[in-house]
Amino acid sequence: MHDILVPWLRGLGLSARVVAGLDVTAALVALALAAGLAFVIARRLFLGVARRLVRRTETHWDDLLIQRGVLARLAHFAPALVIDALSPLLLSEVAHPALLAGVQRLVAVYMILAGLAVLSAALDVAHDIYSTFETSRRVPIKGAIQVAKVVLFSVAGIVILALLLRKTPLYLLSGLGALTAVLLIVFKDPILGLVAGIQLSANRMVAIGDWIEMPSHGADGDVIEVALTTVKVQNWDKTITTIPTYDLISKAFKNWRGMKEAGGRRIKRALHLDMNAVRFCDDALLDRLAKIELLREYLERKRAELAEHNQAHAIDLSSPVNGRRLTNLGTFRAYVTAYLRAHPGIRQDLSFVVRQLPPDEHGLPLELYVFANDTVWASYEAIQADIFDHLLAALPAFDLRVFQAPSGADVRELVA
């Protein structure tokens, strides 16, 4: 065909240079058409068959190959392979060897980029599949995936430059030594993030789903993403706080994972009592309190114990300060302990303390240090509120009252 067209074009009066240029152009157009046809066939035929096969399977991971575009990106190898196979046949006789070598280098670059795109999508698929396992919440791998992508892109870039410059990759790598300082500055955050990510994963400091508090960054909520350079936290008001990964190992933060794993959430709150209401219990008050079921056994035991002690030591009971006596505050503290021991929402196997704190200008604090058996925020608050509702309502039965600053109503009563 070439032997027929060349004499015919020369017969039309075209110069040999123009005819050679037309030959090269025709060969390049033929290559482009063949490559385009191969891409369309591969895209329609290969991808269509793959989608039909995926729909028939019950597994989920092959659906991700379609969604992430792994199979679609594989179609880019078809035109590259066609050009690589046909270019020696079409260009060897009509084009300068340098043009053929240039086309083959460009094809190699295109195939590297296509392979890079396929590997990048495949890594995304691997991350999506890993995310379906419970282990992914404890050991996230998104940072490792991003590191792998950085390495792949870096290696691909070096190989592409080596192809275009017609140098070996080792030649380019030898020249990177002088750029080390610049590279360290440019890639400072990824390098710090990589180091931090390894430490976070190895020490299990942060995992997806953990509730963390980091006041320095205004973060208070659940971790939703652990990446190479950043950790994303969804705060309780649904805003998103982005924290540099390195800051999680260089600055202080609180992780509430231990609370969830223990299955108990701490209640640490005090009732502030008016100290002027504290007094010794008389028989009338004790008889009234003995009707409380949670106190009946305690009062019987304590009254017998105190009577025996005072009698054995011949205590003069005419003065209330002589001997051992029950107080309304001590009896109320015993009631609080018995009430919490019987409460279904309190963990009995964790720290359990009902104690007095040092009195101050706000009264005498009676602190509850116990653990609720439900770590869910709403349920925990409901348990805590139920306990303090009851205790506040029970205080008058012990002739006690809470301490609070005078209000307008108190001032009006004094004036009246």
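# Close-up views of a predicted model

**View 1. Arg324 comes out as partly exposed, at 33% relative accessible area.** Here, buried means under 20% relative accessible area, exposed means over 50%, and partly exposed is what lies in between (1.4 Å probe, protein chains only). This is a predicted model, so local features need pLDDT of at least 70 and side-chain atom pairs count only at pLDDT 80 or more, while totals for chains, interfaces and linings use all residues. Residues are numbered from 1 along each chain as its sequence is written, and side-chain values use heavy atoms, with hydrogens and water left out. Glu305 and Arg324 make a salt bridge (a side-chain nitrogen of Lys or Arg within 4 Å of a carboxyl oxygen of Asp or Glu), with their closest N and O atoms 3.1 Å apart. That pair connects distant parts of the chain, 19 residues apart: Glu305 belongs to helix H15 (residues 293-312), and Arg324 to the loop between H15 and helix H16 (328-342). Helices (H or I, at least four residues) and strands (E, at least two) are DSSP runs, numbered from the N terminus.

**View 2. Arg68 and Asp128 pair up through a salt bridge, 2.7 Å from N to O.** Arg68 sits in the loop between helix H3 (61-67) and helix H4 (70-74) and Asp128 in helix H6 (residues 97-131), so the two tie together parts that are 60 residues apart in sequence. Arg68 is partly exposed at 35% relative accessibility, whereas Asp128 is buried at 18%. The salt-bridge count comes to 15.

**View 3. Asp349 and Arg347 form another salt bridge, with 2.8 Å between the closest N and O atoms.** Asp349 is exposed, at 56% relative accessible area.

**View 4. An open antiparallel sheet has three strands in the order E6-E8-E7.** Strands E6 (265-273) and E7 (353-356) are the edges, each with a single partner strand, so one side of each has no neighbour in the sheet. Neighbouring strands are turned by 15 degrees against each other on average, direction ignored. Strands count as paired if DSSP finds at least two bridges between them; E7 and E8 (residues 364-372) have four, running antiparallel. Pick out Val354, whose bridge partner in E8 is Leu368. Helix H17 (residues 377-394) lies across E6 and E8, at about 25 degrees to E6. Axes are lines fitted to C-alpha atoms, for helices over the stretch in contact, and angles run from 0 to 180 degrees between N-to-C directions. Contact means heavy atoms within 4.5 Å.

**View 5. Leu37, Ile41, Leu45, Val49 and Leu53 make up a nonpolar surface patch with about 460 Å² of accessible area together.** Patch members have over 30% relative accessible area and no salt bridge; nonpolar side chains (Val, Leu, Ile, Met, Phe, Trp, Tyr) are joined within 5 Å, like charges within 9 Å. Areas come from the Shrake-Rupley method with a 1.4 Å probe, and for residues only the protein chains shown count as cover. Leu37, in helix H2 (residues 16-56), is exposed at 53%.

**View 6. Trp256 is in the loop between strand E5 (254-255) and helix H13 (257-262).** Trp256 is partly exposed, at 22%. Leaving aside residues up to four places away in sequence, Trp256 touches Trp211 and Glu213. Asp210 is 46 residues from Trp256 in sequence but 6.8 Å away in space, C-alpha to C-alpha.
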